[in-house]
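Student: Could you walk me through some side-chain contacts in this one?

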Amino acid sequence: MNDYAGQHEVISENMTSQITTDLARFVQELKQERKSNFHDGRKAQQHMETCWKQLESSKRRFERDCKEADRAQQYFEKMDADINVTKADVEKARQQAQIRHQMAEDSKADYSSSLQKFNQEQHEYYHTHIPSIFQKIQEMEERRIVRIGESMKTYAEVDRQVIPIIGKCLDGIVKAAEAINQKSDSQLVIEAYKSGFEPPGDIEFEDYTQPMKRTVSDNSLSNSRGDGKPELKFGGKSKGKLWPFIKKNKLSLKLGATPEDFSNLPPEQRRKKLQQKVDELNKEIQKEMDQRDAITKMKDVYLKNPQMGDPASLDHKLTEVSQNIEKLRLEAQKFEAWLAEVEGRLPARGEQARRQSGMYDGQGAPTANSCAQDRESPDGSYTEERSQENEVKVLATDFDDEFDDEEPLPAIGTCKALYTFEGQNEGTISVIEGEILYVIEEDKGDGWTRIRRNEDEEGYVPTSYVEVYLDKNAKGAKTYI
């Protein structure tokens, strides 16, 4: 499975280096080119609008001048026909009519020139500029389509390169699955968790008709003190501890937290995370060392020039920085050890654990039987209540809790969701803003509150996302969070 996941990481890295990076750069180039083409289009359209406005202006001026020339001509004819008007007034009206006619002719020539220019610009706009811009956009889109096809082809080649290895990984998975032996696995669990205790023998009949002769068999659970054999006491706490099917308190893990050594990740991802953490710690160490050097230099300056400051005032800061450097170095060493373990420079913890487990399994049964004969109470008698309680307690804690039938925790109050929370991690629960739910466990200081919606839905939500109302018999007050 790790090799299979590693091949997918190889595909991801190759796609990033061979496809994604180039496509991102190509997309930026296309955006700039598209922006430039649209800018040219808007510029050509604005030029056409300007030419149209000039044409309209010259046309209105020509129309106005023609009307004024007609009015001037009519006025001159009227003055010329009137016998009461002096010759000077008639000459003035004639000159005014000539001027208006000349202005109309000039406006006509200007209008004709503007119209010819507009028609020429319009022809170039619709037959040259706009087709050219659309042609550039089309070529750009065609290049984009070709690049997408090349990227798909590259992806196929990248995927094809790892198909043989993935096939071998799948064959290995099938082979490993076929090699599973449920009997052997069950026996391994039995060997790992067996107690080593032997069942007690039959209890013999004690004849109370003879007052002073109460005999106890040697193979009963309680032996006489004079024989020096252990005396097992039933009753009390040890009696219940003999059975693994008892109810036990479940350790409530605040799920969603990542292990410090990133052991929940595949090997390659875990190596990358550990390497990233080591690099971050080294940067912090270097930063602290630079700060220490700066403080040291400042202290030397104070020593040479006491009027600038007290050198002793920097001792506390220097000590604090040195302690931080030491803490960071220890932290870096811890992560470097985990990184070395992942990279194969150190033996895996699992192998050490198996070696220790094998050693303990070989010694487990004799120890369980022999340690019971080495302890006696102060009065010479023997009790095994504590040893039974300790050893069987391990069984009760580690035993699979599939047989448990625990009752749900009682509600200690209610809460109202202040915000919507998407519970994506295991152990969390999704809530909607304004929803009312039951509180079954308060925040223990880790920022999570355990709530229940109904009998089948419960989990943890961030404490800052809810407003909690505790029952008076539970806390005696209303708490706003």
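Here is a short chat about ring pairs and salt bridges.

Tutor: Quick ground rules: this is a predicted model, where local features need pLDDT of at least 70, side-chain atom pairs count only at pLDDT 80 or more, and totals for chains, interfaces and linings use all residues. Residues are numbered from 1 along each chain as its sequence is written, and side-chain values use heavy atoms, with hydrogens and water left out.

Student: How are the rings of Tyr125 and Tyr126 arranged, stacked or edge-to-face?

Tutor: Rings of Phe, Tyr and Trp (its six-membered ring) pair if their centres lie within 6.5 Å; planes under 30 degrees apart are stacked, over 60 edge-to-face, the rest tilted. Here the centres are 4.8 Å apart and the planes stand at 85°, so the Tyr125 and Tyr126 pair is edge-to-face.

Student: Is Tyr125 buried or exposed?

Tutor: Buried means under 20% relative accessible area, exposed over 50%, and partly exposed in between (1.4 Å probe, protein chains only). Tyr125 has 11% relative accessibility, so Tyr125 is buried.

Student: Which residue forms a salt bridge with Glu68?

Tutor: A salt bridge needs a side-chain nitrogen of Lys or Arg within 4 Å of a carboxyl oxygen of Asp or Glu. For Glu68, the closest N and O atoms are 2.7 Å apart, and the partner is Arg100.

Student: How many residues apart in sequence are Glu68 and Arg100?

Tutor: Helices (H or I, at least four residues) and strands (E, at least two) are DSSP runs, numbered from the N terminus. Glu68 sits in helix α1 and Arg100 in helix α2, so their pair ties together parts separated in sequence by 32 residues.
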